[in-house]
Amino acid sequence: MEQTEAKDVAEFTKQRPELKGISKWIFEISAVFFVGFYIYSAGFGTAAEQYHLGLYLLLTFALIGILYKFYQSSPISRPSIFDMLLVCLSVCAIGYWIIDYPNIVNRAGAYTSLDIVMGAIGLIVSFEVSRRTVGWGLPIIAAVGILYALFGRVMPETIAHQGFSFRRIIEHCFFGQDGIFGIMANVMATYVILFIFFGAFLEKSGVGQFFINLPMSLTGKSIGGAAKVSVVTSGFFGSVAGSAIANTVTTGAFTIPLMKRTGFRPHIAGAVEASASVGGQFLPPVMGAGAFLIAERTGVSYSKIALISIVPAALYFLSVWVMVHFEAKKEGLEPIPEAEIPKLRTLLKTGWYYLLPLITLILSLMRGYSAYKSAFFSILVTIIVSYFRQETRLTPKRIWEAMVTGAKNSLAIGGAVGTIGIIVAVIDLTGLGRIFPDLVLLVAGNNRAIAVLLLAAASLVLGMGIPVTAAYLITSALAVPILTNDEMGIPIIAAHLIIFWLSQDSNITPPVALGAYAGAAIARADPWKTGWACFKFAKLLYIMPLLFAYTHILFSGTLLQNIMAVVTALVGTVIFSILTMGYFMRKTRWYESILLAFAAFLAYTNNIWTFIPAIVLFASVFIVQKRTAS
């Protein structure tokens, strides 16, 4: 399974499938130090800022230089001369920032020529590691941003600004608080990587297999059981994973072949896994990096953000669940063979303790421990739990492997940190964050729905080829002021969640649907067909932001209003999912689709006087189809 995952990951990146010789040992020793340093910091106290942020970027960039190829035909088992040059430049620029940090802080605004040279090298390195890990999309956006900062005077009047020298841009992007060492680097080093490491320990300890067997024992006997196993398993893994693509590759290595074996078409199997894996990014406790990023940007407590995110995430998984149920009914598919399904009682009796790491994480967060401290406790519990059975014990060798895997898994998003910082710094420097809201409001007026649709389009375009965390940070810097102004009046948490949900669309929406394409690789399916099927299964991603804008689904009203919001959203989601599949008791006819669409709309409007007609319309379609179903 590990070889399959490595192959599938390499297929979507320039990552070397296997390092050999001295290169392997340098990489692994550096990776183990990297993981060990941040796990130790989480448990026993964070290092000073220059080491906490600096070592994260230095080690991430250097490891990328070793593991990721300069170009596709570079050597596959060792770094080339260009790779080693990238490593040296990374150590040079970021090492300079670490060593001279106190002096750099003291001479802020009066930087030396050497500072500027090192800053320029830091920007170049950031572009290159981003290109290697996430492709050309993010570096191109960052390059356009720098050109915009340079030539602001000659821009169209609506987006013009005074223009800045290249020196000023370097100062702001490399040494400024919003730049390369800004919020993205801080959130990654403080929160996200620890949960990526936690996921690697889960995988190596055998706990991961338990989280596959448990959903199988619960859902395997039902219609479309294999797909439902995928939905639940991806929810379990995704709730603590830092990446939808990593979730797809990890769980999909098991669930996609299972779905194909029980009759699901290859592109449907890949799409179900990818759409369910995206849902894991909405589900607490970790929500990818979303919960921590939103908490950092809003000042709202992590626990509140996690709690109000539970219902929307549950509705997303309900939507995918309903769709795969009716997909299986439409195709006449059988459940998983009973002989392959573990017995629930036996599974819990012999492996209940595998739930302890997840329970530890949730309880630690609920008791007010920081996210990084909670991750530290959970990793320790995972190691302890692994010793309950001989075959799952995390021996020193397997701990080493888990640490290397954790470091590798963190690099894809880590490579984007520098260019994200550059983009955010340019937005701040040029004042684009104040200009963009005026342009959107000019088109949308005071209409929340139009504003959300425009932001969905912007998020999709920004998200093409860049990590969803990057898309969220960039789009939120531009769009949150639009949603929270006096005319729109959307609460700040709702505004950030709208952007966070929309930022995920680049994983499941062609032409750049990286999560779907990862699922297609495992399923050996047409990536384009898989992408559009994934878009269908994940459609609630576009509905939920509208509910954030118009209803009390985030528990922003009275008790009665909150209950009403949940109930109407629940019913609306079921109707919407049936409508999307075009199948209920039988294939849905065109006029029944119109009735179901109207019923879903009425339910989602969150009003008792429209909710009752929605139920009547839905019941009418059910009765008609029940009577005429063959």
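A polar contact is a pair of N or O atoms within 3.5 Å; within protein, one must be able to donate a hydrogen and the other to accept it. The structure examined here is a predicted model. In this model, a polar atom of the Thr551 side chain lies 3.3 Å from the backbone nitrogen of Ile553. That distance falls within the 3.5 Å cut-off. The side chain of Thr551 also reaches back to Leu547, where the backbone oxygen is 2.7 Å away.

Thr551 sits in the loop that joins helix H27 (540-550) to helix H28 (559-581). Its relative accessibility is 10%. Thr551 therefore counts as buried, since the limit is under 20%. Beyond its neighbours within four places in sequence, Thr551 is in contact with Ser556, Tyr604 and Asn606.

Phe555 belongs to the loop between H27 and H28 as well. Its phi is near 60 degrees, a positive value in a residue other than glycine. Most residues other than glycine have a negative phi. Phe555 is partly exposed, with a relative accessible area of 38%.

Helix H29 covers residues 590-604. Its 15 residues should span 21 Å at 1.5 Å a residue, and the end C-alpha atoms are 21 Å apart, which agrees.

Another positive phi occurs at Arg524, where the angle is near 55 degrees. Arg524 lies in the loop between helix H25 (514-523) and helix H26 (527-537). This residue is exposed, with a relative accessible area of 57%.

Two buried helix residues were examined next. Ser319 lies in helix H15, which runs over residues 302-331. Its relative accessible area is 0%, so Ser319 is buried. With residues up to four places away in sequence left out, Ser319 touches Leu540, Thr573 and Ser577. Ala276 lies in helix H13, residues 266-279. Ala276 counts as buried, at 0% relative accessibility. Ala276 is in contact with Ser230, Val231, Ser234 and Phe317, leaving aside its neighbours within four places in sequence.

The second largest pocket has a volume of about 610 Å³. Its lining comprises 24 residues. Nearest the centre of this pocket lie Gly176, Gln177, Asp178, Gly182 and Ile183. Several helices contribute to the lining. Helix H3 (49-67), helix H5 (101-106), helix H9 (183-205), helix H20 (417-430) and helix H21 (432-444) each supply at least two residues. By class, the lining has 13 nonpolar, 6 polar and 5 charged residues.

Technical notes
Residues are numbered from 1 along each chain as its sequence is written. This is a predicted model: local features need pLDDT of at least 70, side-chain atom pairs count only at pLDDT 80 or more; totals for chains, interfaces and linings use all residues. Side-chain values use heavy atoms; hydrogens and water are left out. On a 1 Å grid over the protein atoms alone, a cavity is a set of points where a 1.4 Å probe fits but cannot get out, and a pocket is an open set with protein on both sides within 12 Å along at least five of seven lines; lining residues have an atom within 4 Å of a point. Grid points are joined across faces, edges and corners, and a volume is the space filled by probe spheres set on the points. Helices (H or I, at least four residues) and strands (E, at least two) are DSSP runs, numbered from the N terminus. Ala, Val, Leu, Ile, Met, Phe, Trp, Tyr, Cys and Pro count as nonpolar, Asp, Glu, Lys and Arg as charged, and the others, Gly among them, as polar. Buried means under 20% relative accessible area, exposed over 50%, partly exposed in between (1.4 Å probe, protein chains only). Contact means heavy atoms within 4.5 Å. The expected span of a helix is 1.5 Å times one less than its number of residues.
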